[in-house]
Amino acid sequence: GTLRSRPMQTQSHEFDGTLWFFTPASSHKVHEVDHEHQVNLSYSQPKENRYVSVSGTATLVRDRAMIDELWTPVLKAWFPKGKDDPDVALLKVDVTKAEYWDAPHSKMVRLVAMAASMAAGRPIGLGEHDRLDDLQDGETRPAARRSAGGQGAGRPPHA
């Protein structure tokens, strides 16, 4: 009944609305996904002030052809028996929504803007922020709001 996060590596694959992750089929996260398919993924580049939040539906996949396609030698660190280990599986996340924040300004600019915001008593806007909704049908639709310096722009998502 509580939210949990864990670090995982998104597999390189042309984005078509689906993200892929290798996982042991026997892992606790697979058990969790079996009970609740809705997941949230967070990506960040703090030094660049870039953040992405992705929501979607996760399912376990044991497709040998997809495992072969996505497998790289570095994965042997997590799967010492290799890609033919019967416990090797994929988590497939069908993305339904995504939101990003991009605030590439320097720390000094952000500090000055935050101080000015507090003095003025109104929100700051540094960078870009946008939402993409209803991605299940393969289309990318901007959400109703988009900001390039408006309220909430450039701030990471709250969990």
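User: Where does glutamine 11 lie in this predicted model, and is glutamine 11 buried or exposed?
Analyst: In this predicted model, glutamine 11 belongs to the segment before S1. Its relative accessibility is 10%. The cut-off for buried is under 20%, so glutamine 11 counts as buried.

User: Which residues is glutamine 11 in contact with, leaving aside its neighbours within four places in sequence?
Analyst: The contacts asked for exclude residues within four places of glutamine 11. What remains is Trp20, Phe21, Phe22, Leu70 and Leu75.

User: Which residues are the closest to the centre of the second largest pocket?
Analyst: The second largest pocket has a volume of about 390 Å³. It is lined by 19 residues. Those closest to its centre are Gln9, Gln11, Phe22, Leu75 and Trp78.

User: How do the residues of the lining of the second largest pocket divide by type, and which element supplies the largest share?
Analyst: By type, the lining has 10 nonpolar, 6 polar and 3 charged residues. Both S1 and H2 supply at least two residues of this lining. The largest share, 3 residues, comes from S1.

User: What is the geometry of the pair formed by the rings of phenylalanine 22 and tryptophan 71?
Analyst: The structure holds 3 aromatic pairs. In the pair of phenylalanine 22 and tryptophan 71, the ring centres are 5.6 Å apart and the planes stand at 85 degrees. Planes over 60 degrees apart meet the cut-off, so this pair is edge-to-face.

User: How many residues apart are phenylalanine 22 and tryptophan 71?
Analyst: Phenylalanine 22 sits in strand S1 (residues 18-24). Tryptophan 71 is in the loop between H2 and strand S4 (88-102). The pair thus links distant parts of the chain, and the separation is 49 residues.

User: What kind of aromatic pair do tryptophan 71 and phenylalanine 79 form?
Analyst: The ring centres of tryptophan 71 and phenylalanine 79 are 6.2 Å apart. The angle between their planes is 55 degrees, which falls between the limits of 30 and 60 degrees. The pair is tilted.

User: Which residues form one aromatic cluster, and are phenylalanine 22, tryptophan 71 and phenylalanine 79 buried or exposed?
Analyst: Relative accessibility is 9% for phenylalanine 22, which counts as buried. Tryptophan 71 is buried at 17%, and phenylalanine 79 is buried at 5%. The cluster consists of Phe22, Trp71 and Phe79.

User: What separates the C-alpha atoms of histidine 37 and alanine 58?
Analyst: Histidine 37 lies in the loop between helix H1 (28-35) and strand S2 (38-45), and at 35% relative accessibility it counts as partly exposed. Beyond its neighbours within four places in sequence, histidine 37 is in contact with Gly56, Thr57, Ala58 and Thr59. Histidine 37 and alanine 58 are 21 residues apart along the chain, and their C-alpha atoms are separated by 5.0 Å.

User: How far apart in space are lysine 92 and valine 61, C-alpha to C-alpha?
Analyst: Lysine 92 is placed in strand S4 and is partly exposed, with a relative accessible area of 25%. Its contacts, leaving aside neighbours within four places in sequence, include Thr18, Trp20, Ala58 and Val61. Lysine 92 and valine 61 are 31 residues apart in sequence, but C-alpha to C-alpha they are 6.6 Å apart.

User: What is phi of asparagine 49 near?
Analyst: Asparagine 49 is located in the loop between S2 and strand S3 (50-61) and is buried, with a relative accessible area of 11%. Most residues other than glycine have a negative phi. Asparagine 49 has a positive value, near 55 degrees.

User: What pattern does the chain follow along the sequence?
Analyst: The secondary structure comes to 3 helices and 6 strands. Read along the sequence, their order is β-α-β-β-α-β-α-β-β.

User: Where in the chain is confidence lowest?
Analyst: The chain averages a pLDDT of 77, and 64% of the residues score at least 70. Confidence is highest in helix H2 (residues 64-70), at 95. Where pLDDT is low, the predicted coordinates should not be read in detail. With a mean of 45, confidence is lowest in strand S6 (residues 141-147).

Definitions and conventions
Residues are numbered from 1 along each chain as its sequence is written. This is a predicted model: local features need pLDDT of at least 70, side-chain atom pairs count only at pLDDT 80 or more; totals for chains, interfaces and linings use all residues. Side-chain values use heavy atoms; hydrogens and water are left out. pLDDT is the predictor's confidence in each residue, from 0 to 100. Helices (H or I, at least four residues) and strands (E, at least two) are DSSP runs, numbered from the N terminus. Rings of Phe, Tyr and Trp (its six-membered ring) pair if their centres lie within 6.5 Å; planes under 30 degrees apart count as stacked, over 60 as edge-to-face and the rest as tilted. Buried means under 20% relative accessible area, exposed over 50%, partly exposed in between (1.4 Å probe, protein chains only). On a 1 Å grid over the protein atoms alone, a cavity is a set of points where a 1.4 Å probe fits but cannot get out, and a pocket is an open set with protein on both sides within 12 Å along at least five of seven lines; lining residues have an atom within 4 Å of a point. Grid points are joined across faces, edges and corners, and a volume is the space filled by probe spheres set on the points. Ala, Val, Leu, Ile, Met, Phe, Trp, Tyr, Cys and Pro count as nonpolar, Asp, Glu, Lys and Arg as charged, and the others, Gly among them, as polar. Contact means heavy atoms within 4.5 Å.
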